[in-house]
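Please look through the sequence and the model shown here before reading on. The paragraphs below go from the overall fold to single side chains.

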Amino acid sequence: MTATASQTSPRKRAGNGAARRIDADEIGLDALIGHAGYAVRRFQIWIFQDFIKTLGDVDIRPTQYSVLTVIGANPGLSQMAVAKRLGIERARLVHLLDSLEQRRLVKRIKSKTDRRSHAMHLTTQGETALAKFKRLAAEHERHVEARIGKANRERLLQILADFT
């Protein structure tokens, strides 16, 4: 191989079957640019990464935060009602509640009227923790606002309101 051939960029050699090595930002997205679903998913990834980073010290994930918030606002809801309201598969919610119960943030109380059902409540420790989580989540929302602007954040919430 000549010195000139070894200095040829990977892009120019890609025609020979070798994989091209280029920066991710240089890769064309073609029709994905116009797909709302793709843009929403990419924004969701950024949102989740920032949320996890912002609440990392308290080890709370977005779904856990959502469950705790709904239970805190609606003490006594059944597991099924929480799952339905948040769009979480029942089996996944049971696993999530097990972990929150182990951390002593929630408690399940057997229903007096339906032996198959449990009423969900925050523990005293869960109420205290949720207050802290809400403060950290507000910080995360400030990050979102810094990223997309206050007016865009408000507009985004208006657009997405039909889906919540």
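What follows is a walk through the fold, the sheet, the core, the salt bridges and some features of the loops.

The model is a predicted one, in which local features need pLDDT of at least 70 and side-chain atom pairs count only at pLDDT 80 or more, whereas totals for chains, interfaces and linings use all residues. Residues are numbered from 1 along each chain as its sequence is written, and side-chain values use heavy atoms, with hydrogens and water left out.

The chain contains eight helices and three strands, where helices (H or I, at least four residues) and strands (E, at least two) are DSSP runs numbered from the N terminus. Of the 164 residues in the chain, 25% are buried; here buried means under 20% relative accessible area, exposed means over 50%, and partly exposed lies in between (1.4 Å probe, protein chains only). The accessible surface of the chain is about 12,100 Å², and carbon and sulfur atoms hold 51% of this area; such areas come from the Shrake-Rupley method with a 1.4 Å probe, and for residues only the protein chains shown count as cover. Among contacts with a separation of 6 or more, 51% are between residues 24 or more positions apart, a contact being heavy atoms within 4.5 Å.

The three strands form an open sheet in the order β1-β3-β2, with antiparallel pairing; two strands pair if DSSP finds at least two bridges between them. Because β1 (77-78) and β2 (106-110) each have a single partner strand, they stand at the edges, and one side of each is left without a neighbour in the sheet. The antiparallel strands β2 and β3 (residues 118-122) are joined by five bridges, and arginine 108 is placed opposite methionine 120 in β3.

Which residues have the most contacts inside the largest nonpolar core? They are Ile60, Val67, Leu68, Ile71 and Phe133, in a core of 24 residues; a nonpolar core is a set of buried Ala, Val, Leu, Ile, Met, Phe, Trp, Tyr and Cys residues joined through side-chain atoms within 4.5 Å. At least two residues of this core come from each of α4 (62-73), α5 (79-86), α6, β3 and α7 (124-148), and α7 supplies the largest share, with five residues. Leaving aside residues up to four places away in sequence, valine 67 touches Val82, Leu86, Ile88, Leu93, Leu96, Leu97 and Leu100. In soluble globular proteins, nonpolar side chains tend to be buried together.

Another salt bridge brings together the side chains of glutamate 141 and arginine 153 (3.0 Å, N to O). Glutamate 141 lies in helix α7 and arginine 153 in helix α8 (residues 150-160), so this pair ties together parts that are 12 residues apart in sequence. Glutamate 141 is partly exposed because its relative accessibility is 31%, whereas arginine 153, with a relative accessible area of 19%, is buried. Through shared partners, salt bridges join Asp98, Glu101 and Arg108 into one network.

The loops complete the tour. Most residues other than glycine have a negative phi, and most peptide bonds are trans. Aspartate 30, however, has a positive phi, near 50°; this residue lies in the loop between α2 and α3 and counts as exposed, at 72% relative accessibility. Arginine 104 likewise has a positive phi, near 60°, and is placed in the loop between α6 and β2, where arginine 104 counts as exposed at 57% relative accessibility.

Methods. A salt bridge is a side-chain nitrogen of Lys or Arg within 4 Å of a carboxyl oxygen of Asp or Glu.
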